[in-house]
Amino acid sequence: MSVGKVLLVGAGPGDASLITVKGLLAIRAAQVIVHDRLVNTELISQAPPNCQIINVGKTSNHHPVPQEHINQILVDHALAGKNVVRLKGGDPYVFGRGGEEAESLSHYGIPFEIVPGISSSIGGLAYAGIPVTHRNYASSFHVVTGHMCQGNEPQNWNALAQLDGTLIILMGMSRQEEICQLLIQGGKSPDTPAAAVMYASHQQQVMAKGTLSTLKDEIARKKVHAPALLVIGKVVNLSDVLAFTSHQIDINHEPLLQAI
């Protein structure tokens, strides 16, 4: 039996129509799809009728399928000769642990391919009217994780507080109050614009906007919770002019998906 192939596909920030054409074609040709929790179900519905669907989704501090097991699922199905799609939210290589999965596949000599996706750190904020760079406000952007690493602080918040560009924090909602305080302690002005965007690019998208010192209260008022993006910097204020909402665009993706 010949060895199958694994495609690590980025599903984009949430809106099903934001997947790449290559990613959609991969889904339609898959014999096995191994997907994360936040992948849009509209994309999974594009799989062939006989495709095996495996949900390995994780939530904060709850990983029912350990990463090592996910790696082995990909290896086992590929060694069985299956065409496997590993469908991941955003981009596989932007805090998606795609690099670890690709390393495992390479170790077993299994052919694989990366199909990049639109990262929520860029595309999700665009849907909230927040450009990560702007000539007048930010000439750089920095994407970090808010997760602790085995009980240790993985980020140098003092150093991050000194950066002039846009700071984007993924997986940081459980620590958002602490992170804002650490940045203030590191020298960031308490009046620095800050926002949290929940369900970015989905119809139910909600944004809480304030400053480093007020964001906690705005998050509570708007009932924002994970999954959400944290963004800090002057570009946040542009959302007053640049924001658009999902109901202003056609959210019926079926004609678009079927047309490809």
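Which residues in H3 meet Glu100, Glu101, Ser104 and Leu105 in H4? In this predicted model, they are Gln67, Ile70, Asn71, Leu74 and Val75, with contact meaning heavy atoms within 4.5 Å. By class, the contact of H3 with H4 has 4 nonpolar, 3 polar and 2 charged residues. Ala, Val, Leu, Ile, Met, Phe, Trp, Tyr, Cys and Pro count as nonpolar, Asp, Glu, Lys and Arg as charged, and the others, Gly among them, as polar.

The model is predicted, with local features needing pLDDT of at least 70 and side-chain atom pairs counting only at pLDDT 80 or more, while totals for chains, interfaces and linings use all residues. Residues are numbered from 1 along each chain as its sequence is written, and side-chain values use heavy atoms, leaving out hydrogens and water.

Helix H3 spans residues 67-79 and helix H4 residues 98-107. Their axes lie 9 Å apart, at an angle of about 45°.

In H4, the buried residues (under 20% relative accessible area) are Gly98, Glu101, Ala102, Ser104 and Leu105. Seen down the axis of H4, these residues fall within an arc of 160°, so they line one face of the helix. The arc is that of the directions from the helix axis to the C-beta atoms. They pack against H3 and against strands E1 (5-10), E4 (83-88) and E5 (112-115). The face of H4 turned away from the buried side carries Glu103 and His107, both exposed (over 50%). Gly109 follows H4, with a positive phi near 70°.

Notes
Axes fitted to C-alpha atoms, helices over the stretch in contact; angles between N-to-C directions. Helix = DSSP H or I, 4+ residues; strand = E, 2+ residues; numbered from the N terminus. Buried < 20%, exposed > 50% of the residue type's maximum accessible area, 1.4 Å probe, protein only.
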